[in-house]
Amino acid sequence: MDTSTFFRDLPALFAGEPATSDPIDPRWSALCDEVAGYTAPNELAVLNHAAATMPADEAYLEVGTFKGRSICAAVQGNDDKTFAAMENFMEFGMAGELARRELMTNLETHAGEADVTLLEGDCFKLMVRPGALDRPVGVYFYDGEHTLLSHYLALAAVEPLLADEALVLIDDASWPVVQKAHRLFLKRHPGWQIVEQWDAAHADDPRWANGLHALTFRRRPGSAKRLSRQDEMLRRYQTTVQDRLNAAMWKAVGVVPGPITAVAKVLLGRSRQIGDDGVKSDGQKSTDQH
Ligand SMILES: C[S@@+](CC[C@H](N)C(=O)[O-])C[C@H]1O[C@@H](n2cnc3c(N)ncnc32)[C@H](O)[C@@H]1O
């Protein structure tokens with residue numbers, strides 16, 4: 001992936017400064033009206049541009065697909081590209097079958113011609129599965145779970161799958177928890193750089209939701225394409241202990257929404273605060289218009 005071309009051509013997508021203006025193409029706000037989701041129009045413009053810039057012998061990988069808003073935007077006009085979407089249908093107390101069906105309908109309606117493979121399951125298990133993807137990942141968009149560990153692993157687990165030069169786009173990056181994970185990760189892993197930070201002016205910014213950061217990865221010659229021992233231990237903890245706790249929490253939210261949500265609010269509040277804004281009372285993003 002030629003990341004310099006991506007950054008060079010990006011300003012032309014917007015009427016003015018990307019931070020403070022809308023995308024020129026009206027498709028992205030229309031898609032937000034048509035597909036339920038948590039990403040905002042400026043983010044969709046960036047994702048689509050990333051997929052368009054990516055060469056066809058690389059893959060676009062998304063983690064956290066929900067009902068398909070972001071992947072439906074990425075694929076528009078990119079029928080010659082290969083897309084993979086990882087989703088475990090766990091968050092928001094989603095009834096798995098129902099959410100999957102809605103995603104499939106949206107993919108049929110908005111991504112009918114595109115080559116999209118849905119990989120169902122925990123991304124931190126799927127990413128280490130041999131042959132999970134048949135080509136290197138040129139563009140990676142992470143919009144999965146937002147804890148410190150999951151954001152650290154979002155970079156660690158994908159690194160071996162990335163092309164020698166790759167673009168990595170991280171959603172909700174205006175949240176302190178995400179930025180802390182990036183600082184911790186970048187300190188320990190060479191070849192990474194934060195290039196753009198499209199931050200939300202406030203929580204649930206109508207243009208940038210909770211912020212999108214763009215990182216680049218350039219593999220150092222001779223570096224190993226596997227997780228370090230420490231990162232592998234963290235991945236195992238996430239996929240054997242933490243994921244069970246998460247599953248229990250999301251299940252509990254469905255049963256006793258009030259008290260559990262109040263506890264989650266206290267636990268997540270500061271790590272998800274943007275500037276002087278408070279988080280929404282349910283800790284979720286308000287860009288889900290459905
Ligand atoms: C914020 S939503 C994604 C929103 C979507 N990108 C959009 O444009 O509307 C986050 C999604 O990530 C999924 N998710 C969370 N942790 C995951 C994991 N470890 N593996 C796969 N999917 C995960 C959740 O089930 C949820 O649907």
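Colleague: Before we start, what counts as a polar contact here?

Modeller: A polar contact is a pair of N or O atoms within 3.5 Å. Keep in mind that this is a predicted model.

Colleague: Fine. How far is the side chain of D143 from a nitrogen atom of the ligand?

Modeller: An N or O atom in the D143 side chain sits 2.9 Å from a ligand nitrogen.

Colleague: And what about S70?

Modeller: S70 also faces a nitrogen atom of the ligand, with a polar side-chain atom 2.8 Å away.

Colleague: What does Y38 use, backbone or side chain?

Modeller: Backbone. A polar backbone atom of Y38 is 2.8 Å from an oxygen atom of the ligand.

Colleague: How much of the ligand does the protein bury?

Modeller: The protein buries 98% of the 600 Å² that the ligand exposes when taken alone.

Colleague: Which elements give two or more residues to the shell around the ligand?

Modeller: Helix α4, residues 69–75, and strand β2, residues 82–87.

Colleague: Which residues come nearest?

Modeller: Y38, T39, G64, S70 and E87, out of 22 residues around the ligand.

Colleague: New topic. Helix α7: how many of its residues are buried?

Modeller: Eight of nine, over residues 148–156, so the rest of the structure largely encloses α7. The buried ones are L149, S150, H151, Y152, L153, A154, L155 and A156.

Colleague: Where does L103 lie?

Modeller: In helix α5, residues 96–110. L103 counts as buried because its relative accessibility is 0%, and the cut-off for buried is under 20%.

Colleague: How far apart are L103 and R69?

Modeller: Their C-alpha atoms are separated by 8.7 Å, while the two residues are 34 apart along the chain.

Colleague: And G138, buried or exposed?

Modeller: Buried, at 0% relative accessibility. G138 belongs to strand β4, residues 137–142.

Colleague: Now the surface. Which residues make the nonpolar patch?

Modeller: Y237, V241 and L245 make a patch of about 260 Å². V241 is found in helix α9, residues 229–255.

Colleague: Why would residues spaced like that point the same way?

Modeller: An α-helix has 3.6 residues a turn, so residues three or four places apart point the same way.

Colleague: How accessible is V241?

Modeller: V241 has a relative accessible area of 38%, so V241 is partly exposed.

Technical notes:
Residues are numbered from 1 along each chain as its sequence is written. This is a predicted model: local features need pLDDT of at least 70, side-chain atom pairs count only at pLDDT 80 or more; totals for chains, interfaces and linings use all residues. Side-chain values use heavy atoms; hydrogens and water are left out. Patches are made of residues with over 30% relative accessible area and no salt bridge: like charges are joined within 9 Å, nonpolar side chains (Val, Leu, Ile, Met, Phe, Trp, Tyr) within 5 Å. Accessible areas come from the Shrake-Rupley method with a 1.4 Å probe; for residues, only the protein chains shown count as cover. A salt bridge is a side-chain nitrogen of Lys or Arg within 4 Å of a carboxyl oxygen of Asp or Glu. Helices (H or I, at least four residues) and strands (E, at least two) are DSSP runs, numbered from the N terminus. Buried means under 20% relative accessible area, exposed over 50%, partly exposed in between (1.4 Å probe, protein chains only). A residue is near a molecule or strand if one of its heavy atoms lies within 4 Å of it. A polar contact is a pair of N or O atoms within 3.5 Å; within protein, one must be able to donate a hydrogen and the other to accept it, and residues adjacent in sequence count only if both atoms are side-chain atoms.
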